[in-house]
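Subject: Structure handover

Hello,

I am passing a structure on to you. Please open it first, then read my notes below.

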Amino acid sequence: MGMSEFYGAGDESESIAVIHRALELGVTLIDTADMYGPHVNEELVGRAIADRRSSVVLATKFGIVREEGGGRAVRGDRAYVRSSVEGSLKRLGVDAIDLYYLHRVPADTPIEETVGAMAELVTEGKVRFLGLSEAGADTLRRAHAVHPITALQSEWSLWSRDIEAEIVPTARELGVGIVPYSPLGRGVLTGRFTSAADFGAGDFRGVAQPRFTGSNLDVNLKMVEALRALAADRGVTAGQLALAWVQHRGQDVVPIPGTKRIKYLEENVAAASLELSADDLAAIEAAVPASAVAGDRYPDMSSIGR
């Protein structure tokens, strides 16, 4: 996402180099969405993987409609499902999408209709597996009853643990894999940022994210300092410790940290081999207690956990 929008200016040649380096390092899952850009991120990914499609498990998402003037809507009706997949296939330059997610659950369309239409795409060979993003436990059950849901993508990090109470147990009961996005707290858990001014122009974190604005940011950065101290004791970075914590949530957990720099990509990949003991995990959670995090993760949480 950050290669095309939301986190300041990007550089296409560098972004493609990052994707190629990721594949060299053994990363296989590449995740995008039609709303990133909008549309241009899928085109970027398509160009990056054009000559190495067989090395990639390709995931994209649909359902968030970007409107003129900056507004957004959520759609999941059958006609929109079909038009969305055709657009994504064309932009990505592929015959089939490995994992196709509903990006958000619409309020006005039964999940059975949406997943039923998505299941037709599997039958037609346009999509191989289905996923949901930020869905609630009941919605996940209803969707899974229509067609097997392979993955649930939701925000999960030291700072965002609301899915642990009900959603994660439901996913595990159903055999649905869990794909945490923003496992580094939108990059802030890396310790790279010390104030809102560090986000820079074109970065929505310092403008539209309650967690990263005003006094909330001051509170949250104190926890990042505690995490950095723990990481220094181990000879790793705060970001690696935060990412390894997510990785240790279970064998069914596949976090997708985003980056547009090779340096941070390599740092993230190295975190996958970091072993944490039960004492380590407890110390990390004590340094960054979920109950102490200030601010919601979105200005409007109404579409989260539907």
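Is Tyr-100 buried or exposed? Tyr-100 counts as buried, because its relative accessibility is 0%. Buried means under 20% relative accessible area, exposed means over 50%, and partly exposed is in between (1.4 Å probe, protein chains only).

Some ground rules. This is a predicted model, in which local features need pLDDT of at least 70 and side-chain atom pairs count only at pLDDT 80 or more, while totals for chains, interfaces and linings use all residues. Residues are numbered from 1 along each chain as its sequence is written, and side-chain values use heavy atoms, with hydrogens and water left out.

Aromatic pairs

Rings of Phe, Tyr and Trp (its six-membered ring) pair if their centres lie within 6.5 Å; planes under 30 degrees apart count as stacked, over 60 as edge-to-face and the rest as tilted. By this rule there are 2 aromatic pairs. In one, the ring centres of Phe-62 and Tyr-100 are 4.8 Å apart and the planes lie at 20°, so the pair is stacked. Phe-62 sits in strand S2 (residues 57–62) and Tyr-100 in strand S5 (residues 97–102), 38 residues apart. Strands (E, at least two residues) and helices (H or I, at least four) are DSSP runs, numbered from the N terminus. Phe-62 is buried too, at 0% relative accessible area.

Trp-159 and Phe-212 form a tilted pair, with 5.9 Å between centres and 40° between planes. Trp-159 is in the loop between strand S7 (151–155) and helix H6 (167–174), and Phe-212 is in the loop between helix H7 (205–208) and helix H8 (214–234), so the pair ties together parts 53 residues apart in sequence. Trp-159 is buried at 3% relative accessibility. Phe-212 is buried at 2%.

The S7–H6 loop

Glu-166 is also found in the loop between S7 and H6. Glu-166 is exposed, with a relative accessible area of 54%. Glu-166 and Asp-138 are 28 residues apart in sequence and 9.6 Å apart in space, C-alpha to C-alpha.

Helices H1 and H2

The axes of H1 (residues 12–24) and H2 (residues 40–49) come within 9 Å and cross at roughly 55°. Axes are lines fitted to C-alpha atoms, for helices over the stretch in contact, and angles run from 0 to 180 degrees between N-to-C directions. H1 and H2 are therefore oblique to each other. Under 35 degrees counts as roughly parallel, over 145 as roughly antiparallel, 65 to 115 as roughly perpendicular and the rest as oblique.

Best wishes
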